[in-house]
Amino acid sequence: LVTIVAELGDREAIKRIAYEFVEDKAKEGVIYVEVRYSPHFLANTKVDPIPWEQAEGDLSPDEVVHLVNEGLREGERAFNIKARSILCCMRHMPNWSMDVVELCKKYRHEGVVAIDLAGDESLNCEANPGHRRAYEEAVCCGVHRTVHAGEVGPASVVKEAVEVLKAERVGHGYRTLEDQDLYKELLAQNMHFEVCPISSKLTGACDPDFTKHPVITFRKDKANYSLNTDDPLIFNSSIHLDYSTAHKYMGFTEEEFKRLNINSAKSCFLPDDEKEELLHRLYEAYGMLQSTAF
């Protein structure tokens, strides 16, 4: 879970930061990454209200997505990794959400692979029908869906994400453990949890003692989850830090890292042919070429 931040209204900065993001991931040994951001937060026209109290300019959310796509593509070519993006709806801005799903549809063959919902989990979707309508449209049009839920909000937010918004993945999802019936249902469904250890400590989402982190329960229960770096610029973190923390404090073994990476690839939002190729690379690296079914 990564946020792109750029100088507002600066086209070159937006494109360059997307490019440098791919460069950073390549240096960390990443072969495929999905980066998420809110195009409306980087725009200064065709967005209501204009964010950050900017004066109106001429950079629309649509052009922001185009610029990020260009930067990611140039980074892919330069650093030989694959990068795709997820566009975020914001819980406090339900009037943006239909725009976001339309951008997902428009750019689905140019690097955008999914829609997300982020922000204050106390703002549920019953009170904000704009999000529900956007996700209904995403389902109808085959746009992949993930939702930040159960990071700081209760398990009911996770339930809403899965049952109302039809999320295919849950961002964080730690509070799911507060509702054991829901947790068991999601385990049976093989729901994917996007876990961010370093972030969860710094945001206060989890106990600061890493030996008590919810992902330890996910690990023991053989849940479907990934380890991710959330807001690396803000938290001064990297994927290496999240992985080393899981190894040092949470009992993660080499075999568990292999398992979670394979689950990450299986749960990614790439088209099936590209997902198969990604899995093949992992199986080859792990000496598991015979295990090709997903």
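This is a predicted model: local features need pLDDT of at least 70, side-chain atom pairs count only at pLDDT 80 or more; totals for chains, interfaces and linings use all residues.
On helix α10, H247 and K248 are exposed, where exposed means over 50% relative accessible area, buried under 20% and partly exposed in between (1.4 Å probe, protein chains only). Residues are numbered from 1 along each chain as its sequence is written, and side-chain values use heavy atoms, with hydrogens and water left out.

**Helix α10**
- Helix α10 covers residues 239-249, and its buried residues are I239, D242, Y243, T245 and A246.
- Seen down the axis of α10, these fall within an arc of 160 degrees, so they line one face of the helix. The arc is that of the directions from the helix axis to the C-beta atoms.
- Their cover includes α7 (197-202), β7 (224-227) and α11 (254-266).
- Just after α10, G251 has a positive phi of about 75 degrees.

**Nonpolar cores**
- The largest nonpolar core has 75 residues. Such a core is a set of buried Ala, Val, Leu, Ile, Met, Phe, Trp, Tyr and Cys residues joined through side-chain atoms within 4.5 Å.
- I115, F218, Y225, L227 and F252 touch the most other members.
- A second, separate core of 13 residues includes A114, A265, C268 and L279.
- Leaving out residues up to four places away in sequence, L227 touches several residues, among them I239, D242, Y243 and A246. Contact means heavy atoms within 4.5 Å.

**Strand β3**
- Seven of the seven residues of β3 (residues 112-118) are buried, so the strand is largely enclosed by the rest of the structure.
- β3 runs parallel to β2 (residues 82-90), joined by six bridges. Two strands pair if DSSP finds at least two bridges between them.
- I86 stands opposite A114 in β3.
- From β2, the chain passes through helix α3 (residues 97-106) to β3 in a right-handed β-α-β crossover.
- Two bridges join β3 to β4 (residues 144-149), again in parallel. Here I115 stands opposite R145 in β4.

**Whole chain**
- The protein chain has 12 helices and seven strands. These are DSSP runs, numbered from the N terminus: helices are H or I, at least four residues, and strands are E, at least two.
- Buried residues make up 55% of the 294 residues.
- The C-alpha atoms fill a box of roughly 50 × 45 × 35 Å along the principal axes.

How values were computed:
A crossover is right-handed if, with the strands pointing away from the viewer, the path from the first strand over the helix to the second runs clockwise.
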